[in-house]
Amino acid sequence: MYFSLIIPVFNRPDEINELLESLTKSDFKEEFEIVIVEDGSTLPCENVVELYKSKLNISYYLKYNSGPGDSRNFAMNLAKGDFFLIFDSDCIIPSGYLSEVSKQLKLQYVDCFGGPDKALPTFSNIQKAINFSMTSFLTTGGIRGGSEKIDRFQPRSFNMGLSKKAFQASGGFGNIHPGEDPDLSIRLWNLGFETKLFPNAFVYHKRRIDWDKFYIQVNKFGKARPILNSWYPEHNKLTYFFPSFFILGFFASIVLLIFSQDLPLKLYFLYFFILFIVASIQNKNPLIGFLAVRATWKQFLGYGLGFLESFFKVILLKQKPEVAFPELFFKV
């Protein structure tokens with residue numbers, strides 16, 4: 001099986017350098033290609049790519065800005081492989097990743113898979129805290145892509161595999177962002193394709209993000225979900241409402257203090273204390289435990305409020321998603 005690695009990039013030459021450097025250390029013995037698409041960047045990575053052309057089989061393309069989904073489609077249309085491995089530019093690829101994927105596809109072939117993300121010891125404390133919040137079973141990690149026990153697995157495009165056959169049948173990613181990856185998963189299911197989690201095919205996801213950007217990101221995730229629910233109501237799940245219920249319940253527990261009812265708020269504090277302990281032990285650092293509590297609160301608040309706003313506009317008021325949230329749609 002010939003792999004084409006698909007990487008869109010937007011103004012991040014430093015990230016591409018780290019990603020390509022990690023791929024030079026791959027233990028995979030078979031040939032593979034890398035297709036990098038510059039999505040209308042004003043800070044291109046072409047000079048970085050040139051440094052690795054003697055070590056890796058790389059194709060580099062520059063196009064107008066149309067978003068990561070369309071850029072991935074652009075790359076897959078040009079790629080030579082019969083299986084595409086899709087990464088975000090802020091990922092670092094473990095040396096055994098390609099070998100693990102090859103092994104899993106031979107054991108249990110599937111046309112679309114996803115893998116989890118982990119944090120390297122060299123990541124900043126905030127990056128480790130956000131990674132914990134985004135992946136832990138105590139938060140929404142299992143729901144958003146760390147587990148397939150809750151529901152059918154929906155791969156995320158920072159670490160996704162897609163066969164050429166599935167790409168051609170589905171047309172690839174849509175123009176919504178974020179939300180383009182679960183949208184693709186659902187369309188693949190409707191076409192008869194299966195998706196699966198490869199738990200050992202992980203990447204190190206080096207999110208270059210601060211607290212404000214993290215809030216904006218998860219708020220957009222929240223806005224995207226009711227849009228997907230409106231497109232595919234048969235795949236709507238109660239678990240998608242959980243962050244909104246969590247936030248509404250928290251504020252309700254504060255109101256209940258007026259009536260001398262403090263048990264609900266105590267339960268919230270117990271939850272955050274458990275979160276602090278688990279994150280501290282897992283990262284061997286109580287500071288990361290504290291930051292993980294902050295990250296989880298921002299995740300629930302941003303996603304929950306975004307979900308409620310989108311639910312009100314798209315589901316209740318029946319507004320067109322492109323009109324209600326034009327910032328979520330790229331023109332292609």
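Predicted model: local features only at pLDDT ≥ 70, side-chain atom pairs only at ≥ 80, totals over all residues.
Close-up 1. Residues are numbered from 1 along each chain as its sequence is written, and side-chain values use heavy atoms, with hydrogens and water left out. Although D88 and V9 are 79 residues apart along the chain, their C-alpha atoms are separated by 7.5 Å. Beyond its neighbours within four places in sequence, D88 is in contact (heavy atoms within 4.5 Å) with L19, R72, S157, F158 and H205.

**Close-up 2. The three-stranded sheet containing β5**. The strand order of this open, mixed sheet is β5-β10-β7, where two strands pair if DSSP finds at least two bridges between them. Strands β5 (91–92) and β7 (117–118) are the edges, each pairing on one side only. Strand β10 (residues 203–205) runs antiparallel to β5, and two bridges join them. H205 in β10 is the bridge partner of C91; H205 is also among the contacts of D88.

**Close-up 3. The seven-stranded sheet and helix α1**. An open sheet of mixed pairing has the order β3-β2-β1-β4-β8-β6-β9. Its edge strands, β3 (58–63) and β9 (195–197), each pair on one side only. From one strand to the next, the twist averages 20 degrees. Strand β2 (residues 32–39) runs parallel to β3 and is joined to it by six bridges, with D39 standing opposite K63 of β3. Helix α1 (residues 13–23) lies across β1 (3–9), β2, β3 and β4 (83–87), and runs at about 175 degrees to β2. Axes are lines fitted to C-alpha atoms, for helices over the stretch in contact, and angles run from 0 to 180 degrees between N-to-C directions.

**Close-up 4. Charged side chains over the rings of Y64 and F173**. A charge sits over a ring if NZ of Lys or CZ of Arg is within 6 Å of the ring centre and within 35 degrees of the ring normal. K63 lies over the face of Y64, 5.1 Å from the ring centre. The charged end of R72 is placed over the ring of F173, at 4.9 Å from its centre. R72 is also one of the residues in contact with D88.

**Close-up 5. Packing of helices α10 and α11**. The axes of α10 (residues 242–256) and α11 come within 8 Å and cross at roughly 130 degrees. Helix α10 is therefore oblique to α11, given that angles under 35 degrees count as roughly parallel, over 145 as roughly antiparallel, 65 to 115 as roughly perpendicular and the rest as oblique.

**Close-up 6. The aromatic cluster that includes F272 and W297**. Ring pairs link F242, F246, F250, F251, Y268, Y271, F272, W297 and F300 into this cluster. The whole structure holds 29 aromatic pairs, defined for rings of Phe, Tyr and Trp (its six-membered ring) with centres within 6.5 Å; planes under 30 degrees apart count as stacked, over 60 as edge-to-face and the rest as tilted. F272 and W297 pair edge-to-face, at 6.5 Å centre to centre with 70 degrees between the planes. The two residues, 25 apart, lie in α11 (residues 263–283) and α12 (residues 286–316), respectively. F272 is buried at 12% relative accessibility, whereas W297 is partly exposed at 24% (buried is under 20% relative accessible area, exposed over 50%, partly exposed in between; 1.4 Å probe, protein chains only).

Technical notes: Helix = DSSP H or I, 4+ residues; strand = E, 2+ residues; numbered from the N terminus.
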